[in-house]
Amino acid sequence: MTETTNARKIAFATFVRRALDDARALRAWSGTEVSRRTGVSRQTINRWVRGDWASDPEAERVVAFCEGLGLDPAAAFTALGWDRAAGPRTAPTSPPMDPDVEALLRRLVDPNVSDAEKFHIRETIRYLAYRPTLPGGIRNRGKQAG
């Protein structure tokens, strides 16, 4: 987890925790009542408070939570690091791909390539991706010979 992701989780968890504390103190609402009024399940709210989410919370649920408590969703979006003016975030650009890997990917999507060959390509890639890394000394032996 990156520092940015961790900071966003902490900021959003703090926002949700404060919203829950205010609902309890000012309105005497229990967690069940907050869930009922916002339409967001207690399990989801508890995950938000713990920062226990792999991908960003759904915007619709965040808005429902805020509106149910009379809060401005922009405050939650800020805690999540979402900039509404910037529009949707784009995925980071991938590094340039090796031409051999590109050729394999083209073969995997080519309808003229047999299923047996596609299976063989996938199995070979899977083997290479998950094989143990050789220690440095062993890896360089082939270069020293000759």
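1. Angles run from 0 to 180 degrees between N-to-C directions, and helices are DSSP runs (H or I) of at least four residues, numbered from the N terminus.

2. The structure is a predicted model, in which local features need pLDDT of at least 70 and side-chain atom pairs count only at pLDDT 80 or more, while totals for chains, interfaces and linings use all residues. Residues are numbered from 1 along each chain as its sequence is written, and side-chain values use heavy atoms, with hydrogens and water left out.

3. On the helix 6 side of the contact (heavy atoms within 4.5 Å) are L104, R107, L108 and V109, which meet E117, K118, I121, R122 and I125 of helix 7. These contact residues comprise five nonpolar, four charged and no polar ones.

4. A28, in the loop between helix 1 (3-27) and helix 2 (31-38), has a positive phi of about 60 degrees although it is not a glycine. With a relative accessibility of 66%, A28 counts as exposed, the term for values over 50%.

5. The protein chain has a mean pLDDT (confidence from 0 to 100) of 83, with 82% of its residues at 70 or more. Confidence is lowest in helix 9 (residues 141-144), at a mean of 56, and highest in helix 4 (residues 59-68), at 94. Where pLDDT is low, the predicted coordinates should not be read in detail.

Methods
Helices (H or I, at least four residues) and strands (E, at least two) are DSSP runs, numbered from the N terminus. Ala, Val, Leu, Ile, Met, Phe, Trp, Tyr, Cys and Pro count as nonpolar, Asp, Glu, Lys and Arg as charged, and the others, Gly among them, as polar. Buried means under 20% relative accessible area, exposed over 50%, partly exposed in between (1.4 Å probe, protein chains only). pLDDT is the predictor's confidence in each residue, from 0 to 100.
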